[in-house]
Every structure is written in C-alpha cells, then in structure tokens.
Amino acid sequence: MKRGLVRKFWIGATLLIIVLTAFAAGRNLIHAFKIRSQIRVLEREKALYEEKIARDSTLIEQLKQDDFLEQYAREHFHMQRKGEKIYIIK
C-alpha cells in the first residue's frame, strides 16, 4: 500500500513538471513569434527611412546649386520676381 502511494506521488510529480515545462516553452514560443514580427516591422521602417535619407541627401546636394535652388523655390513655394506674372496649372 505504501509502495503504491509513493509510485502515484512520483507519477503525479513527473506529470506536473512536464506540464509546467510545456507551458513555459509555449509562452517562450509565443514571445519569440511576437518579437520576430516586431523585427520585420522595424526592418521595413528602417528601409523606408534609409530611402528618405538618400532622397533628402540628393536634394540637399542639388540645392547647393543656385540655378536649382531658384527653380525649386519657384516650383514649391510659388516664388516670383518683381513684376513677373506666374500662372500655376495643376
């Protein structure tokens, strides 16, 4: 009788350890999937910002030229010279 009780205890303890281990591993897998999806989102944002940086860098280099600076100001800020008439067509 005592032997059967000890055996049931160890079977129950083993099952408890297996269940707790499976629960902890499952939580870690869920956490890992969430982190991977966040990494993918951040990598997309990084690529977008790198593209914007490259575009802005070329614009800055072009704006250092006086001819392009005047053209850019006229196109984007609707600037004009004195006595000049400008028609904007969209």
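Start with the secondary structure: the protein has two helices and zero strands, where helices (H or I, at least four residues) and strands (E, at least two) are DSSP runs numbered from the N terminus. The radius of gyration is 34 Å, well over the 12 Å that the globule rule gives for 90 residues, so the protein is more spread out than a compact globule. That radius is taken over C-alpha atoms, and the globule rule is 2.2 Å times the number of residues to the power 0.38. This is a predicted model, in which local features need pLDDT of at least 70 and side-chain atom pairs count only at pLDDT 80 or more, while totals for chains, interfaces and linings use all residues. Residues are numbered from 1 along each chain as its sequence is written, and side-chain values use heavy atoms, with hydrogens and water left out.

**The whole chain**

Show the C-alpha trace. Along its principal axes it spans about 110 × 25 × 15 Å. Buried residues make up 1% of the 90 residues. Buried means under 20% relative accessible area, exposed over 50%, and partly exposed in between (1.4 Å probe, protein chains only).

**Helix α1**

Select residues 2-63, which are helix α1. Go to F9 and W10. A search of the whole structure finds three aromatic pairs. In one of them, the ring centres of F9 and W10 are 5.1 Å apart and the planes are at 70 degrees, so the pair is edge-to-face. Rings of Phe, Tyr and Trp (its six-membered ring) pair if their centres lie within 6.5 Å; planes under 30 degrees apart count as stacked, over 60 as edge-to-face and the rest as tilted. F9 counts as exposed at 53% relative accessibility, and W10 does too at 54%.

Next, select E51 and R55. Their side chains meet in a salt bridge, 4.0 Å from N to O. A salt bridge is a side-chain nitrogen of Lys or Arg within 4 Å of a carboxyl oxygen of Asp or Glu. Why are E51 and R55 separated by about one helical turn? They are four residues apart in helix α1. An α-helix has 3.6 residues a turn, so residues three or four places apart point the same way. E51 is partly exposed at 49%, and R55 is partly exposed at 47%.

Move on to E61 and K64. They form another of the three salt bridges found in the structure, with the closest N and O atoms 3.4 Å apart. E61 is partly exposed, with a relative accessible area of 47%, whereas K64 counts as exposed at 59%.

**Helix α2**

Select residues 66-77. This is helix α2, with twelve residues. From its first C-alpha to its last it reaches 16 Å, close to the 16 Å expected at 1.5 Å a residue; the expected span is 1.5 Å times one less than the number of residues.

E70 is partly exposed at 32%, and R74 is partly exposed at 24%.

Which residues form one aromatic cluster? Select F68, Y72 and F77 to see it.

Finish at H78, which follows α2 and has a positive phi, near 55 degrees.
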